[in-house]
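Let's take a friendly walk through this structure together. Have a look at the sequence and the fold first, and then we can start with a pocket.

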Amino acid sequence: MNNMKKYISALLAITVLLTFAGCSKSTQTAEFENNETQQTETETQQTSTETATETTVTEEPEVEVNIVASQYSVLDVTDLFSKRDVKQTADTSDAKKYTVADGQTITITEEGVYVLTGTASNAQIFVNADENAKVQLVLQGLNVTNDSTPVIYVKSADKVFVTTSADSTLAVTGSFTADGDTNTDGVIFSKEDLVLNGTATLTIKSSENGVVSKDDLKVTGGTYVITAGNHGLQGKDSILVYDGNFTIKAGKDGLHSGNDDDDKKGYIYIYDGSFSINASSDGIEAGSVLQIDGGKLDINAAEGLEATYVQVNGGDITIKASDDGINASVNSYSYDVVIEINGGNITINMGQGDTDAVDSNGNLIIRGGNIDITAQFAFDFDGSVSFTGGTVYVNGQQVTSISNSMMGPGGGPGGQGGPGGQGGPGRW
């Protein structure tokens, strides 16, 4: 009997021990699995955070294009600039980056954003993309000097943006060589639409032209210091300026636009911007229309402003000229020959000799603005004159009538007084 009790007691003890061991093992397994699960979740959270950091891009606020057209506007200016045109920075999150090297040609064949940096000689960025491709070149401290070829050559694309994000200098020192039948005669040369913008300074030095577009040339921001043997900025179809700071020294024209194939084109529009132009020929010349709605223009040239139709609606314009201050002459048969001043502040100082401050080979219209002329001959027009508003000073004296080619204020041969009066033949 005692042996039986001992046997039962032993079995109970073994059972308790086994039960305790099993519970302990289950607890340890549960704790291990729980810890492993927590670690995996932590790693997953860390991975998600890293991925989010890599892919998150801070977008600039959307830029609005705010152009209020003059009631007299010759050009339709409402849709000249897109939101991307006037955005001064590029989204470089997916950009390809290149550092230039001596003698290198960087060929771009696909739409996208490309960041360009470095210093080199005889290097070229060559854009030869699909006709629907929009290409943005971001100049981030790009400094290139070439002997005879454009630093940036756009052969094919829909539109190319040149955005300066850090001060850059581009130069061509020798005679340009042609690309087959194409006379590539600009430091930046484009056969397609070209937009210049950015937040930094782009310095251009050229033996011929500074920037050339054989289509539309737009400038919406940035600072430009251009020294050119021929024209500073040249656009075949148009030059359209939304904003920007310009210092231009040109052997011919500061800004030049003309299209021999379509005389409705070749126009220049200035909405805003600051210009300091020294030119041997014209400060600004357009084949068809030159329309100035604003900005600050300081021009020293043989002729200050020239086009078939010159319209000034606003801005502060100072002209020093040795031939004509403002000239309208026949370069296009799609527009009347007119000088029209509706607003702005215009100061004209003329050199000695047979020079005219305001010279229209057609009609002259003055509706508003402030005009201050120092000249031997203030106004010369071949058609009619209409003077219905604004303030006009000639050689320090206010005039209340516009007479044709009279020397000094107060009337002269053929002069007819009063706003809206029409002058006859003579000299002023």
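## The largest pocket

In this predicted model, 16 residues line the largest pocket, and those nearest its centre are His256, Ser257, Gly258, Asn259 and Asp260. The volume of this pocket is about 280 Å³.

What kinds of residues make up the lining of the largest pocket? The lining holds 9 polar and 6 charged residues, along with 1 nonpolar residue. Two strands each supply at least two of the lining residues: strand 18 (255–257) and strand 21 (282–286).

## A look at Asp282

Strand 21 is also where you will find Asp282. Is Asp282 buried or exposed? Its relative accessible area is 4%, so Asp282 counts as buried, the cut-off for that being under 20%.

Setting aside neighbours within four places in sequence, Asp282 has contacts with Lys252, Asp253 and Gly254, and also with Ala301, Glu303, Gly304 and Glu306.

## The chain as a whole

Stepping back, the chain contains 34 strands and 2 helices. Of its 428 residues, 48% are buried. Taking contacts between residues at least 6 apart in sequence, 48% of them link residues at least 24 apart.

Note on methods
Residues are numbered from 1 along each chain as its sequence is written. This is a predicted model: local features need pLDDT of at least 70, side-chain atom pairs count only at pLDDT 80 or more; totals for chains, interfaces and linings use all residues. Side-chain values use heavy atoms; hydrogens and water are left out. Helices (H or I, at least four residues) and strands (E, at least two) are DSSP runs, numbered from the N terminus. Buried means under 20% relative accessible area, exposed over 50%, partly exposed in between (1.4 Å probe, protein chains only). Contact means heavy atoms within 4.5 Å. On a 1 Å grid over the protein atoms alone, a cavity is a set of points where a 1.4 Å probe fits but cannot get out, and a pocket is an open set with protein on both sides within 12 Å along at least five of seven lines; lining residues have an atom within 4 Å of a point. Grid points are joined across faces, edges and corners, and a volume is the space filled by probe spheres set on the points. Ala, Val, Leu, Ile, Met, Phe, Trp, Tyr, Cys and Pro count as nonpolar, Asp, Glu, Lys and Arg as charged, and the others, Gly among them, as polar.
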